[in-house]
Amino acid sequence: MSEPSSRVLLSAEGIAKRFGQVHALRGTDFEVFPGEVVGLIGDNGAGKSTLVKVLSGALRPDAGTITLDGERLDLHNPLDAQRRGIETVYQDLALAFDLDAAANLHLGRETVRPAPLGWFGVLDKAGMRNHAVDAFHSLGITLPDLSVPVRSLSGGQRQSVAVARAVAWATRVVFMDEPTAALGVVQRGQVLDVVKRVRDQGVGVVLISHNMPEVLAVTDRVEVLRLGVRVARYRTADTSVEELVLAMTGGVTTT
């Protein structure tokens, strides 16, 4: 395992977001370092999903500053984030179930072989498959058959494909929203192994989860949101499930 860098990779300061009369974020701060897994936790309505959407370009904040590698970042949409090496694995996976794993890995990023005489090119299926094989291998992901539609894969295998798709293109940060939800014990372990491999490649990983033992098992740090504000930060080695739950419910403030 690589040691997390002391350099802040992605930083959010004073992020505010309002939906009508609802203040989802109230001046929230957040940091991600290279080569670490940071847990982002909080009760329902704490603002976790809203913060992730802001940091991944899906929502525009009403106030606050985001920086990436020390430079101010102004994201207008998720494509802006992706161009800067920021990817997101959503809870619904967003996979194309009728396509195979290699095609899903390149969804929206298909490579084309140039055609002779200036005609339209054709999909480079062999090249995309080779890239997919390398990507899955680097993350320790084993699939029974790369040529079958992902709908025929298990839940854990589908989740691994979704994670690999993000990681294959992420150079800086990956947000993972409840990546082990509805998975069995063995499948959860496989996905968490992938999370650790991503971290070891030097990418910052943000894990959003309600599973506190799982958070403690895989993260380096934990940041706690409550009612749209960061209320606590912990080094994972120095905290416990009880302390995290206490912070989530308003019993502890360390920031």
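Reply: Happy to! Keep in mind that this is a predicted model. Let's begin with the sheet: six strands make an open sheet, in the order β6-β9-β10-β3-β11-β12, and their pairing is mixed. At the edges stand β6 (86-89) and β12 (229-235); each has a single partner strand, so one side of each is left without a neighbour in the sheet. On average, neighbouring strands here are turned by 20° against each other, direction ignored.

Now look at one pair of strands. β3 (residues 37-41) and β11 (residues 221-226) run parallel and are joined by four bridges. In this pairing, Leu 40 stands opposite Glu 223 in β11.

Helix α5 (residues 155-169) touches β6 and β9 (173-177), and its direction makes about 175° with that of β6. Helix α6 (residues 185-200) touches β3, β9 and β10 (204-208), with its direction at about 150° to that of β10.

Let's zoom in on Glu 223, which lies in strand β11. Is this residue buried or exposed? Its relative accessible area is 0%, and buried means under 20%, so Glu 223 counts as buried. Leaving aside neighbours within four places in sequence, its contacts include Asp 29, Phe 30 and Glu 31, as well as Val 38, Gly 39, Leu 40 and Ile 41. Arg 230, Ala 232 and Arg 233 are also among the residues in contact with Glu 223. With Arg 230 there is also a polar contact of 3.1 Å between the side chains. As for Arg 188, 35 residues from Glu 223 along the chain, the C-alpha atoms of the two are separated by 22 Å.

Key. Residues numbered from 1 in each chain as written. Predicted model: local features only at pLDDT ≥ 70, side-chain atom pairs only at ≥ 80, totals over all residues. Heavy atoms only, no water. Pairing = 2+ DSSP bridges. Helix = DSSP H or I, 4+ residues; strand = E, 2+ residues; numbered from the N terminus. Axes fitted to C-alpha atoms, helices over the stretch in contact; angles between N-to-C directions. Contact = heavy atoms within 4.5 Å. Buried < 20%, exposed > 50% of the residue type's maximum accessible area, 1.4 Å probe, protein only. Polar contact = N/O pair within 3.5 Å; in protein donor to acceptor, adjacent residues only side chain to side chain.
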